Amino acid sequence: MAKAHNEMANGPSQRQLRVGELVRKELSDILSRGRLSDPDLDGVIVTVPEVRMTPDLRLATVLVMPLGGQNVERVVAALNRSAKYFRGQVSRRMTMKYSSDLRFVADTRFDDDDRITRLLNEPAVRRDLDEPSDDYEDRD
């Protein structure tokens with residue numbers, strides 16, 4: 001019998017990572033061909049840096065970013081409108097028992113990194129980071 005464990009505490013399983021990477025590769029291939037009928041996606045280059053799968057592999061959260069980061073909301077909305085088309089295309093290319101539902105969201109990791117860097121460079125935080133702390137004295 002399989003050992004029960006908390007998926008969220010341990011992070012994604014090897015299977016989730018592998019299937020997520022396969023879905024990412026197929027979606028990138030489909031988007032690079034540019035045969036989409038949605039006018040909001042016409043001529044837009046979309047990158048797919050990551051796909052996160054749920055533990056049961058039924059839902060794939062696809063992180064996307066249009067090249068240049070312009071019109072992100074419009075592109076994400078257009079991709080979500082075309083999610084059934086993408087699901088059908090991905091399911092034809094992969095052999096799985098179930099095809100995953102696709103949910104497209106904007107990849108904000110770079111924006112988050114910039115925000116954290118700005119916060120760490122604020123004068124009050126910089127002062128706290130530069131001051132030596134008495135809490136961590138050498139206790140030999």
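User: Which residues does Phe104 touch, not counting residues up to four places away in sequence?

Analyst: In this predicted model, Phe104 touches Leu27, Val62, Val64, Val76, Leu79, Asn80, Ala83 and Phe86. Contact here means heavy atoms within 4.5 Å.

User: What is the place of Phe104 in the largest nonpolar core?

Analyst: That core has 27 residues. Phe104 is one of the four that touch the most other members, with Val23, Leu79 and Phe86. Elements giving two or more residues to this core are α2, β1, β2, α3, α4 and β3.

User: Why is Phe86 called buried?

Analyst: Buried means under 20% relative accessible area. Phe86 has 0%, so Phe86 counts as buried.

User: And Tyr85: what makes this residue partly exposed?

Analyst: Its relative accessible area is 38%. The cut-offs are under 20% for buried and over 50% for exposed. The value for Tyr85 lies in between, so Tyr85 is partly exposed.

User: Why is the pair of Tyr85 and Phe86 called edge-to-face?

Analyst: Take the distance of the centres and the angle of the planes. The ring centres of Tyr85 and Phe86 are 5.6 Å apart. Rings pair if their centres lie within 6.5 Å, so these two pair. The planes stand at 65 degrees. Tyr85, Phe86 and Phe104 form one aromatic cluster.

User: How do you know that the buried residues of α3 line one face of the helix?

Analyst: Those residues are Val72, Val75, Val76, Ala78 and Leu79. Seen down the axis of α3, they fall within an arc of 160 degrees, so they line one face. On the other side, Glu73 and Arg81 are exposed.

User: What covers the buried residues of α3?

Analyst: The cover includes α2, β1, β2, α4 and β3.

User: What makes Arg58 a charge over the ring of Tyr98?

Analyst: The charged end of Arg58 is 3.5 Å from the ring centre. The distance limit is 6 Å, and the charge must also lie within 35 degrees of the ring normal. Arg58 is listed as sitting over the ring of Tyr98.

User: Why do β1 and β2 count as paired strands?

Analyst: Pairing needs at least two bridges. β1 and β2 have 6, so they pair, and the sense is antiparallel. Met53 stands opposite Ala60 in β2. The two strands form a hairpin with 5 residues between them. In the turn, Leu57 has a positive phi of about 65 degrees.

Note on methods:
Residues are numbered from 1 along each chain as its sequence is written. This is a predicted model: local features need pLDDT of at least 70, side-chain atom pairs count only at pLDDT 80 or more; totals for chains, interfaces and linings use all residues. Side-chain values use heavy atoms; hydrogens and water are left out. Buried means under 20% relative accessible area, exposed over 50%, partly exposed in between (1.4 Å probe, protein chains only). Helices (H or I, at least four residues) and strands (E, at least two) are DSSP runs, numbered from the N terminus. The arc is that of the directions from the helix axis to the C-beta atoms. A nonpolar core is a set of buried Ala, Val, Leu, Ile, Met, Phe, Trp, Tyr and Cys residues joined through side-chain atoms within 4.5 Å. Rings of Phe, Tyr and Trp (its six-membered ring) pair if their centres lie within 6.5 Å; planes under 30 degrees apart count as stacked, over 60 as edge-to-face and the rest as tilted.
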